[in-house]
Amino acid sequence: MTGYRSLFRTPEFTPLFLGTAAQTAAQTVGGLALGTLVFRATGSPLLSAVSMFGQSLAQVLGATVLLSGADRLPPRTALSAIALVFAAGTAAQALPGLPAGALFAVVLLLGLVASLGGGVRWGLLNEILPKDGYVPGRSLFNMVNGLAQIAGFATGGALLAVLSPRVCLLLAAALYLTAALVLRLGLSARPPRATGRPSASATWRANAALWSSRPRRLTYLGLWLPNGMVVGCESLYVSYAPQAAGTLFACGALGMLAGDVTVGRLLPAAVRARLATPLLLLLAAPFLVFCAHPPVPVAAACVTVASAGFGAGLVQQERLMRLTPDALAGQALGLHSAGMLTLQGVSAAAAGTLAQFTSPATAMTAMAAGSLGITLALAGAARRPGARQKESPLPSS
């Protein structure tokens, strides 16, 4: 298995790694600040959850009209431009007196732009690393995401204790600008992986081809649904424990880091391939404890243990890459990212709505139970005849 140290000897890996880390830190600081700003202004768990995760709701539109650009746009230009758009949008959210409708419009616009980013980023990673390097590489990215989230949420929570949410949003915008500079100056001018112009029709054709295979469909559903419902639980941290939300988010990032290190670096491929379902069950089960309204220390322990289950995503992405030709790797990974984030946004809205009429603890328990049920149903479907059928080649245009 490719070691972590050797990844940094690969040209372009380091700037992509650093740029992504800066964007993750910006997202955590900015998301916590925005959620806090909205909750202080409205007292609404629903609006707070949607403000933090509402970007994801726009992913479904981007997945249907923009994803062909993941393989048809120059990666350096696309990634640096996306970071610049986020810098501008985050700064706009900090404007005093910005109407709520305009604030949520910016959230959705940024989500639409972000739908392209995952495909470009992970398609480039798949391109610059050798075949046996994708899982360790993605594991390392997940690790730095976890560390950046721990630092971002901890720092964001501390900053919010002494600064206003709007000032924290401006700091997040500065981090996005830093990411744009790192990506622009550090990446080389690679050509697109596929020919042709990005278009809605090209996106539809490739998505239809990717969705045409039952093994890929089950893999996508496993990547999207259980994960999304657990993120619905996470979207209620601010309303569950307003003074300790940063702690809960940081504990979740710590657990995710531990899971990614274990799955991506310590486990051999043969063992790793069998762990998708157990990890997804681990991801949801500890959240059932929230039915008892646990105090923050117990809640933090449950969140930490549960988040190790996010390592299932590495197992599932490895399978997805085995089922997908190289010419569509960017769009396949972009569809995974966009679909996952869309379901996260839908789940955040659903969890916030349920919490509005019951309580955050009740809503978190219900979302966790739903995630467990879906995981078991997908595991049963994967064992039926036809789930492991031989793959036919996909068109590259």
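The model is predicted, so local features need pLDDT of at least 70, side-chain atom pairs count only at pLDDT 80 or more, and totals for chains, interfaces and linings use all residues. Residues are numbered from 1 along each chain as its sequence is written, and side-chain values use heavy atoms, with hydrogens and water left out. Helices are DSSP runs (H or I, at least four residues), numbered from the N terminus.

**Helix pairs**

Two packed helices are described by the angle between their axes and the distance between the axes. Axes are lines fitted to C-alpha atoms, for helices over the stretch in contact, and angles run from 0 to 180 degrees between N-to-C directions. A crossing is left-handed if the near helix is turned anticlockwise from the far one by less than a right angle, and right-handed if clockwise. Contact means heavy atoms within 4.5 Å.

*α18 and α19*
- Helix α18 spans residues 329–357 and helix α19 spans residues 360–382; their axes lie 8 Å apart, at an angle of about 135°.
- The two helices α18 and α19 are therefore oblique to each other (angles under 35 degrees count as roughly parallel, over 145 as roughly antiparallel, 65 to 115 as roughly perpendicular and the rest as oblique).
- The crossing of α18 past α19 is right-handed.
- From α18, the residues S347, A351, L354 and A355 meet P360, A363, A366 and M367 of α19.
- This contact has seven nonpolar residues, one polar and no charged (Ala, Val, Leu, Ile, Met, Phe, Trp, Tyr, Cys and Pro count as nonpolar, Asp, Glu, Lys and Arg as charged, and the others, Gly among them, as polar).

*α13 and α16*
- Helix α16 covers residues 296–307, and its axis is 6 Å from that of α13, at an angle of about 30°.
- Therefore α13 and α16 are roughly parallel to each other.
- Their crossing is right-handed.
- On the α13 side, L248, C251, G252, G255 and M256 make the contact; on the α16 side, V296, A299, A300, V303, T304 and S307 do.
- Seven residues of this contact are nonpolar, four are polar and none is charged.

*α15 and α17*
- The axes of α15 (residues 276–284) and α17 (residues 312–322) come within 8 Å and cross at roughly 145°.
- Here the crossing is left-handed.
- A276, L279 and L280 of α15 touch A312, V315 and Q316 of α17.

**The second largest pocket**

- This pocket holds about 270 Å³ of space.
- Its lining has 14 residues, and T36, L160, P242, Q243 and A244 lie nearest the centre.
- Helices α2 (13–42), α8 (134–162) and α13 (245–266) each give two or more residues to the lining.
- The most come from α2, with four residues.
- On a 1 Å grid over the protein atoms alone, a pocket is an open set of points where a 1.4 Å probe fits, with protein on both sides within 12 Å along at least five of seven lines; lining residues have an atom within 4 Å of a point.
- Grid points are joined across faces, edges and corners, and a volume is the space filled by probe spheres set on the points.

**R76**

- R76 sits in helix α6 (residues 75–93).
- The C-alpha atoms of R76 and L185 are 9.0 Å apart, although 109 residues separate them along the chain.
- Not counting residues up to four places away in sequence, R76 touches L183, R184, L187, S188 and A189.
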